[in-house]
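Hi everyone, thanks for coming along.

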Amino acid sequence: MSTATTSAPVSVEHRPRLVSSELLKVTSTKMWLGMLVGVVIFIAIGIASSIFAPEQPGFAQPRLTTPEGIRNLFANAGGAYLFAIIIGALGMTQELRHQTLTSTLLSEPHRNKVTGAKMAAYFVIGAFYGLIGVIVGYAMAFALLPLKEHTDISVTALWQIAGGAILGSGLFAVLGVAVGTLVRNQIAAILGILVWVLVIEQLVVTFLPKIGKWLPGGALAGVLQTTGANGTTYLPIWGGALVLLGYTALFATVAALTTQRRDVT
Amino acid sequence: MTHAAQLTAGAVASGGSLGQPVEVVGLTKMFGSVLAVDDLSFTVAPGRVTGFLGPNGAGKTTTLRCLLGLVAPTPGSATIGGKRYDQIGTPIRTVGSALEATGFHPGRSAINHLRIVARSGGVDERRADVTLSLVGLTDSAGRSVGGFSLGMRQRLQLAAALLGDPGVLVLDEPANGLDPEGIAWLRSFLRHLAGEGRTVLVSSHVLSEVEQTVDDVVIIARGHLVRACPLTELTEATHGVVVRTPQLAELTAALAAAPGVTVVPQADGSVVVRGADAAAVGRAALTAQVELHELRAATSDLEQVFLSLTGGATS
């Protein structure tokens, strides 16, 4: 073996070097695939139960025969956000858990650049989850809908829901990175997110929609244009998107500020 | 296929990377109320291997983390070629470092770990293959690091440090976990890198581990500088002549005539004379008519010198 031929020029400048390094971090372990399987199963269950669940007389959810009901069905395709925020939080807390943060910061000592690159990379991952969710969810919905009495959904609504699902999942992944930066313990971060998203936020959005629509989950409901129990509506699409962007910017700023001078030992 | 042959071609891959001095000036670090490093100053010269020595908890890792921008000094400065770590653009091309408690994702392959570091550090990813072969891990490139032994992890750390073909190497306890063959390999590797003009700073808590590798030593204890000198100065301190005499004052006066001779009284009533051999001491004693009860050359253990300097034997 001649080692002279294996020597390569050392320096190379491909611009988004930090973002592409972060993406390679994600794709070089298996977790993101496991989470993707989770996205597919979660959305499949959401669509199937939304189509086949029996009507509940006391709790007036819109039915498939109404435009609101059919929109709600397709909005299940936006369920990837839950996995997006979790993988974002894992991406950050893993660096601490496996102590890879040291080598990350040795390559790029400017911590804001690292945090920014991680958020950009996880936006891509989250948006990809959103896209896969939309494809799987729409395919299932169109396959199963003929079994039930239903009204048709407009093409505009389909595009809106798809766009909202992809943007929403991307932004939730960024939120996850920020949460992981602030709550550095991996288990605490994941538990906190699950309790917030699946319990607290659900309760507030359902029973106090006037407050709930301003929370991240309520804002996403606005982006996806879902209709809650008893005809509750949330923010308009642009309003929901702005609120989500606002939360993301706020959390990203706080996360960046707190990591700036923290000792890495 | 020998490691020596491998490292020659790979290490000079890009050439042109000249070693730069590492300067630590008045470095102090408090963790809460604990003073980890206290007003520490020393310089590390290019073209030499410098051992950064001290017992566990002396502040070595904290000093290195300050140097590498991971920990903020309070106050003081640590620079490489006159620049703070975060002022060096794409720093891994200038400084290669391997720190203790730098981890690996257990599910990630060795080659991907290096590619990630290379990519974020602005280094050509082909260097990942080159440095992996430099440290003899080519056959394990695709394996998950979770299954690596401590010695393999140390080698992988070293490969990461070499990615940018840096002129300055900062290695924290690189010999930990290496077998004797690995230590011998590391020794020749570091000597070679310094021979190319690079600055090599290696920490260790055992002097004997690096004694055959280093040119200079920087010894610290409890966050303070104890000694910063060429290793030969420490080695000289291990040679002495043990003398026992009832006329110590006369002998000391006689020896004081010769330059560079010191007389150190010992606890057992004898004295150790440094800077003169047994023959010279005997001759001086005869000339001055001093009665001797014992006269013998003695060599103390270098590790013993190290322990007495760092207070490890007493504390």
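First, the ground rules. This is a predicted model, where local features need pLDDT of at least 70, side-chain atom pairs count only at pLDDT 80 or more, and totals for chains, interfaces and linings use all residues. Residues are numbered from 1 along each chain as its sequence is written, chains are lettered from A and ligands numbered from 1 in the order in which they are written, and side-chain values use heavy atoms, with hydrogens and water left out.

So, how confident is the predictor in chain B? pLDDT is its confidence in each residue, from 0 to 100. Chain B has a mean of 87, with 93% of its residues at 70 or more. Over residues 1-17 of chain B, pLDDT stays under 50, and the model has 39 contacts beyond four places in sequence for them; contact means heavy atoms within 4.5 Å.

Chain A next. It has 11 helices and zero strands, where helices (H or I, at least four residues) and strands (E, at least two) are DSSP runs, numbered from the N terminus. Its C-alpha trace spans about 75 × 45 × 30 Å along the principal axes.

Now for the sheets in chain B. Two strands count as paired if DSSP finds at least two bridges between them. One open sheet has six strands in the order 5-6-7-3-8-9, with mixed pairing. Strand 5 (95-98) and strand 9 (224-230) of chain B each have a single partner strand, so one side of each is left without a neighbour in the sheet. The twist averages 15 degrees from one strand to the next; axes are lines fitted to C-alpha atoms, for helices over the stretch in contact, and angles run from 0 to 180 degrees between N-to-C directions.

Within that sheet, strand 6 (residues 168-172) and strand 7 (residues 199-204) of chain B run parallel, joined by five bridges. Asp172(B) has Ser203(B) in strand 7 as its bridge partner. Helix 6 (residues 180-195) of chain B packs on the sheet, touching strands 3, 6 and 7 of chain B.

The other open sheet has four strands, ordered 11-12-10-13 in chain B, with antiparallel pairing. Which strands stand at its edges? They are strand 11 (262-265) and strand 13 (294-299) of chain B, each with a single partner strand. Here the twist averages 30 degrees from one strand to the next. Four bridges pair strand 11 with strand 12 (residues 271-274) of chain B, and Val263(B) has Val273(B) as its bridge partner.

Last, the second largest pocket, at about 440 Å³. On a 1 Å grid over the protein atoms alone, a pocket is an open set of points where a 1.4 Å probe fits, with protein on both sides within 12 Å along at least five of seven lines, and lining residues have an atom within 4 Å of a point. The volume is the space filled by probe spheres set on the points, which are joined across faces, edges and corners. Of the 21 lining residues, Arg261(A), Gly69(B), Ala72(B), Arg84(B) and Asp86(B) lie nearest the centre. Helix 6 (111-144) of chain A, and helix 2 (60-67) and strand 4 (77-80) of chain B, each supply at least two.
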